[in-house]
Structure formats: C-alpha cells, structure tokens
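Subject: Structure handover

Hello,

Here is the structure I promised to pass on. Please open it first, then read the notes below it.

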Amino acid sequence: MLEMFYPRRYEVSAYVIPYDHYHANGIRGAIFDIDNTLANHDAPADDQAVELFEHLHQIGMNTCLLSNNKEPRVKHFADKVGSAYIHKAGKPKRDGYERAMERMGTDRETTIFVGDQLFTDVYGANRAGIYSILVKPMNPKEEIQIVLKRYLEKPVLYFYKRQCRRKA
C-alpha cells in the first residue's frame, strides 16, 4: 500500500541527478517542482538553477516547472531558467503532469519528475506513470502545513529505505 508513495530513486539534491545518463537512456523531458527542490521557498532562481537548466537544454532535454504555487512565483522562476511552467497544478492530480508532458512533447516513458514531497510530488508522478525522483528538501524551515506532512512522510521513507536495503 505504501508503495504508491515510493519514489523510483532518492537523491540528496536535484543538482546531483545524473541527467546525462537519463538522456542517454531515452529521457527527453524533466518536470520539476520548485520550492525546496530547486530553491528555498519563495527564493528566486540562483546561478546553480540557471546552469542546470542551461545544461539540460544543451543536451536536448525539455523542461517544465510544475507547481501548486501562484503564477507570479512560478512565472518569475521559469523566466529566469528558461523553462515552460504550470502554476496551480493541483498536484497530486494527474492533470498537471499530463499537461507538462504535452508542453514538452514527451510521454510517460520519456519523462522524469523531480520533487521534494512524497504526498504531492512523488505520489502524483507515480499516479501519472512517470519515473519519480525524490530529493531531500533544501531547507528544513518550512510552512506549518508542510512541516506536518514531513512527519507523515517519515514512516513512509523508513519503509522505503528498508525495502531498498533488502534489494541491495
């Protein structure tokens, strides 16, 4: 039952994912959450984010930001990194993920999703049939509703990590 919340991969940061490897294996699009995945909450895109998106575009990968946040926040970040975006995405509903793939011209087999929350980001990507990558949150200081979700995520992550150790 908990498996629906398990990511396919768990990384320390969105900035250490081997995107070149994914591209070499047929991935043509990457969907990203923004807050606490690519930047601290409400922080603008920094040089590291801009460089990541430049690299992704140089290797031929399309990108789309998928956020439940309002348009001013998402558009400002997207403009800085040169990416398509969808605001008020309604994650974990499948709609936003499917619209992101449509905008990138990709499908479930050629798309990855990167985000920091199990119950919105990963669950939604899994429901949409997309390869999900969970990253550790960039900043432990979060809004109260997210802090509460993090407490609920802990047992799920415990069982996920335990299952991963058994497979190794």
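Two residues are in contact when heavy atoms lie within 4.5 Å. Helices (H or I, at least four residues) and strands (E, at least two) are DSSP runs, numbered from the N terminus.

Some ground rules. This is a predicted model, so local features need pLDDT of at least 70 and side-chain atom pairs count only at pLDDT 80 or more, while totals for chains, interfaces and linings use all residues. Residues are numbered from 1 along each chain as its sequence is written, and side-chain values use heavy atoms, with hydrogens and water left out.

**Helix α2**

Start with α2, residues 47-58. The helix has twelve residues and reaches 16 Å from its first C-alpha to its last. That is close to the 16 Å expected at 1.5 Å a residue (the expected span is 1.5 Å times one less than the number of residues).

Which residues of α2 are buried? They are Ala 49, Val 50, Leu 52, Phe 53 and Leu 56. These residues cover an arc of only 160° around the axis, which puts them on the same side of α2. The arc is that of the directions from the helix axis to the C-beta atoms. On the other side of α2, Asp 47, Glu 51 and Gln 58 are exposed. The cut-offs: buried is under 20% relative accessible area, exposed is over 50%, and partly exposed is in between (1.4 Å probe, protein chains only).

What do the buried residues of α2 pack against? Their partners are α1 (19-24), β2 (29-32), β3 (62-66) and α3 (71-81).

Both ends of α2 have something to check. At its start, a side-chain oxygen of Asp 46 comes to within 3.2 Å of the backbone nitrogen of Gln 48. Just after α2, Gly 60 has a positive phi of about 95°.

**The cores**

A nonpolar core is a set of buried Ala, Val, Leu, Ile, Met, Phe, Trp, Tyr and Cys residues joined through side-chain atoms within 4.5 Å. The largest one has 28 residues. Tyr 19, Phe 32, Leu 38, Leu 65 and Phe 77 touch the most other members. At least two residues each come from α1, β2, α2, α3, β5 and β6 (131-135). The largest share, five residues, comes from α2.

Look at Phe 77 in particular. Leaving out residues up to four places away in sequence, Phe 77 touches Ile 34, Leu 38, Ala 39, Ala 43, Pro 44, Ala 45, Ala 49 and Leu 65.

**Aromatic pairs**

The whole structure holds eight aromatic pairs. Rings of Phe, Tyr and Trp (its six-membered ring) pair if their centres lie within 6.5 Å; planes under 30 degrees apart count as stacked, over 60 as edge-to-face and the rest as tilted.

Take Tyr 10 and Tyr 160. Their ring centres are 6.3 Å apart and their planes are at 75°, so the pair is edge-to-face. Tyr 10 lies in strand β1 (residues 9-11) and Tyr 160 in helix α6 (residues 144-167), so the pair ties together parts 150 residues apart in sequence. Tyr 10 is partly exposed, at 24% relative accessible area. Tyr 160 is buried, at 7%.

Tyr 19 and Phe 32 form a tilted pair, 6.1 Å centre to centre with 50° between the planes. Tyr 19 is in helix α1 and Phe 32 in strand β2, so this pair ties together parts 13 residues apart in sequence. Tyr 19 is buried at 4% relative accessibility, and Phe 32 is buried at 0%.

Phe 5, Phe 119 and Tyr 123 form one aromatic cluster.

**Loops**

- Asp 116 lies between β5 (111-115) and α5 (118-128). Asp 116 is buried, at 2%. Its side chain makes a polar contact with the side chain of Thr 37 (3.0 Å). A polar contact is a pair of N or O atoms within 3.5 Å; within protein, one must be able to donate a hydrogen and the other to accept it, and residues adjacent in sequence count only if both atoms are side-chain atoms.
- Asn 36 sits in the loop between β2 and α2. Asn 36 has a positive phi of about 70° although it is not a glycine, and is buried at 0% relative accessibility.
- Lys 88 is in the loop between β4 and α4. Its phi is positive too, near 45°. Lys 88 is exposed, at 56% relative accessibility.
- Pro 92 is in the loop between β4 (84-86) and α4 (94-104). A cis peptide bond joins Lys 91 and Pro 92, with omega about 20°.

Best wishes
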